[in-house]
Amino acid sequence: MAETQSSPIITFDKVNKWYGNNFHVLRDIDLSVAKGERIVICGPSGSGKSTLIRCINRLEEHQQGHLIVDGVELTDDIKAIDQVRKEVGMVFQQFNLFPHLTVLENLTLSPMWVGKLPKKEAEEKAMIQLKRVRIAEQANKYPLQLSGGQQQRVAIARALCLKPKIMLFDEPTSALDPEMIKEVLDVMIAMASEGITMLCVTHEMGFAKAVADRVIFMDQGQIVEQNNPHDFFNNPQSERSKDFLSKILGH
Amino acid sequence: MTSTTLFQPIAARPAPINTSGPVAWVKTNLLSDWKTSLSTLIISGLLLWYIPQLLSWAVFHATWVPNHEVCHNNHVGACWGLIAEKYRIIIFGRYPYEEQWRPLIATILLTGLLVLSCVRAAWKTWLPILWVVVFTVFFMLMYGNVLGLEKVETNRWGGLPLTILLSSVSLVLCFPIALVVALGRRSNLPAIRTFCTIYVELIRGVPLISVLFMASFMFPLFMPPGTDIDVLIRVLVGITLFAAAYMAEVIRGGLQAIPKGQVEAAATLGLSYWQTQRKIVLPQALAMVVPGIMNNFISTFKDTSLVTIVSLYELTGALKLGVNSDANWRPFIIEGYLFIALIYFVFCFSMSRYSRWVEKQVNKSKLR
Amino acid sequence: MSTDKPPHKKNYWSWRSQAFRGLLYQVLALAAICFVVWFLAHNTLVNMRNRGIQSGFDFLTQPSGFAIGESLYPFDSEEPYWHAFLIGISNTLRVAIVGIILSTMLGTLLGIGRFSRNALVRGLCLTYVETFRNIPVLLQLLLWYVVLTEVLPNSADAWQVGSVFLSKGGLNFPIPVWAAGQFWAAIGVLVGVIGFWFYRRWAIRQFEATGKPRSMFWVPVVIVIACSLLGWALGGAPIALNRPIKGDFSIENGGALTPEFLAVLIGLTLYTASFIAEVVRGGIASVPRGQGEAASALGLNRQQEMSLVMLPQALRVIIPPLTNQYLNLTKNSSLAVAIGYPDVVSIANTSLNQTGRAVECISLVMLVYLATSLATTLLMGWYNKRATIKER
């Protein structure tokens, strides 16, 4: 249990979101994330799990309720959004590396153009992150020359370059071939032990068991159940959680 | 009970002769079945009959000397003597005869620049500067009035230099306009999106000739009273606005092909809208649409032939100018047209070959 | 939990709000555009006043004072300008519609020919496409006009096949004398087409019920021909033809196609066919090879494979660029002004020179083309919707 601070770093307060006029994708979400906590969010597809974490860095807008990230409430205010995005890093399912830039240029882009760091300093900091994800030797290659697992590790390093307090992972291993999933999970496990707050949407239950402080199960836009991994996997309370676990742990 | 035979690797052998090589090619491509063989027979028969006749007219019995009486007497061959006699007025228009070395050099410089810009190795920071330099030299040579060169008004510019000038200047000028319009069409702000859409759809719905008429007749009315706009500038503005609408559509296609995740990743890294467009979206989009941009350039190059109708004497107009007033050569205007067709063909065919080569390169770099 | 409607969005206005900034940019852009438009309009009015140019569309009701080379119905110089413009529009549509039909037929054959098993056919199609694509269309129109007016013989020595004459004066052919019989034949064609449609519906239903395929092409064609013949016979079976005969200076009587019309038609058809060939080729190439292989594995023969599997999918890719080519052909017909074919641009040009009303005449021309483009786009859009493959 990693609750070291009294005030949570992310607060969802009766957050609701609709797509268009008819699709109610997030229903009355109440959630508190403590600093340094590692959370895994799972659930069937279409349950709103990706939408939930995309609201945290305003890639999606919520229509009702309050969402407070690191003391800043997320609204239409541009300055607030910029401030939150500096503290929150994101890793995507499709990696979303910039194919026309080298790996090193991918990492130094934001520190140089947003953080206003001089090039040398940005490159030094980038190399530190690349070493951290054990891919420093590929610094001058282009993303399309790397394997999927290597690209995702570069994406993680790129997010880490901004020294975020919170890291969001949106199904980071779903697009990878099976033999590459392990190298990415290893990096995420190493990160977990360094005190950074992590929210991870994933189907990799092994990772949840190894690292998570809390597992949140979502279905049809609602948080159905949340518990520590041990109790969640061995003793699911709700019918829907039992149904879901039987499907994914079965084969 | 299983019997296992030891695996013996077989060395590669060449294919049997009737499945590869020229004989096999003929068999599969020309004589594969009776219908194909029949059509091969008929077509080869027709070709063998017509092609020698064509060659005889165009080459063997043709007149090459610039003597119109010999041409008149020659009823079985083409009269290329027209070209020999009139080539200078066709290629240079009404430019003064003694000064025609100036458009010659200017055209060679500009063509060389265009060819150079196609080579990937030249895509460095000094290329735009070179463009500015070459254009300045071009205008200095053509217009004169500096360095002791005699002044030549723009309405005497014509022929091939005019065609290349109009195509390349409109390409350079329409690009920024097209970029802004393409971005505007994809914007979230309804007023800007509507305006850009109206512009593009309006221009694409009308023929170039009406835009040229508008530029020629109406442009002087749009300017404050007393200003006199050069006819070349009017035509250039018309062609540029026209080409920009089509170019905007090409660029918009490239913008649409960039996955949304790229913009999202840039947003999570804290980049602003313009930073994202400049550093992430546009470099990828533009690299993708180079073949489309080339096609646009080829179309504009062909479209410059229309300025004949608004009294600028590019190749076609210059030919009519040179021949219509000269009764001796009038009957042979067809050969003149064929010559101009050849010039256009050479330019456009090379450009389309290049565009196809670029497309292959772009597709190759997509694979790992 | 029910899906309530989302709450009404409350914007708070400050410099830091996205909604506010968006609105501000739009207001600025609109202001800039309005200023430019005002500037241009103001200059135009001042210039026109200074030069004594009048404005307004009232000139359309005045007599035109010029003759038109060819038209679908009679026109003389007493008629008003708007009548002249109508004739121009009809001439444009005439050459555009015939051009679209002919170039589609030729272009499709060439496009399919690029996939022929015979290398010679492939090579010839490729040569055609590359040659006609890379020469400007204006040049091609001029070339054809010169060929038709210089190379063809005079009317006195016209080439003659039966009652059809080809000469510098154009193409002259016999046309039927209009009598009641033709009218009834036209009604017969209409009846035949309706019968065609009903027959096809019946044949499809029969096929689905019993599995026996009915002739979908020959029987309907026979129905149409039979009905039109019946109508013709009912109307008195007129066979009188207005044949052209060689007069003293030209060919008289009969129907005629002028060399201007022929030059524009041939030039536009050959030019556009080369582009349509590329579009068709791209469409057929876009259907994955696996589709053809799957069709063969299911036992379909080559004709069934083409019509049931390949063509419907290829059409989806072909229709948008094909629409573009039709629009291009219509717009390129405006070049007829360089040859003397009296299309709407040519009429506008003459009117402009006579009345000085540049703005009005050019706006009319642009309006005509915009309307045609819109109509064509809508028509092909309707056809496109029928051909698209439904996706999630």
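These legends go with close-up views of a predicted model.

**View 1. Chain A as a whole.** Here's the overall build: 9 helices and 10 strands. With a radius of gyration of 18 Å, close to the 18 Å that the globule rule gives for 251 residues, chain A is as compact as a globular protein of that length. Its C-alpha atoms fill a box of roughly 55 × 45 × 40 Å along the principal axes. Buried residues account for 56% of the 251 in chain A.

**View 2. A salt bridge between distant parts of chain A.** A:Asp213 and A:Arg38 pair up through their side chains, with 3.2 Å from N to O. A:Asp213 sits in the loop between helix H7 (205–211) and strand E9 (214–219), while A:Arg38 belongs to strand E3 (residues 38–42), 175 residues apart. A:Asp213 counts as buried because its relative accessibility is 10%, under the 20% cut-off.

View 3. A:Asp243 and A:Lys247 bring their closest N and O atoms to 3.4 Å. They are 4 residues apart in the helix (residues 239–250), so about one helical turn separates them. A:Asp243 is partly exposed at 40%, whereas A:Lys247 is exposed at 58%.

View 4. C:Arg281 meets C:Glu278 at 3.3 Å, N to O. Both lie in helix H7 (residues 259–286), 3 residues apart, about one turn. C:Arg281 is partly exposed at 27%, but C:Glu278 is buried at 16%.

**View 5. A salt-bridge network with residues from chains A and B.** The linked residues are A:Lys17, A:Arg54, A:Glu60, B:Lys260 and B:Glu264. Over all chains, the salt bridge count comes to 24.

Key
Residues are numbered from 1 along each chain as its sequence is written. Chains are lettered from A and ligands numbered from 1 in the order in which they are written. This is a predicted model: local features need pLDDT of at least 70, side-chain atom pairs count only at pLDDT 80 or more; totals for chains, interfaces and linings use all residues. Side-chain values use heavy atoms; hydrogens and water are left out. Helices (H or I, at least four residues) and strands (E, at least two) are DSSP runs, numbered from the N terminus. The radius of gyration is taken over C-alpha atoms; the globule rule is 2.2 Å times the number of residues to the power 0.38. Buried means under 20% relative accessible area, exposed over 50%, partly exposed in between (1.4 Å probe, protein chains only). A salt bridge is a side-chain nitrogen of Lys or Arg within 4 Å of a carboxyl oxygen of Asp or Glu.
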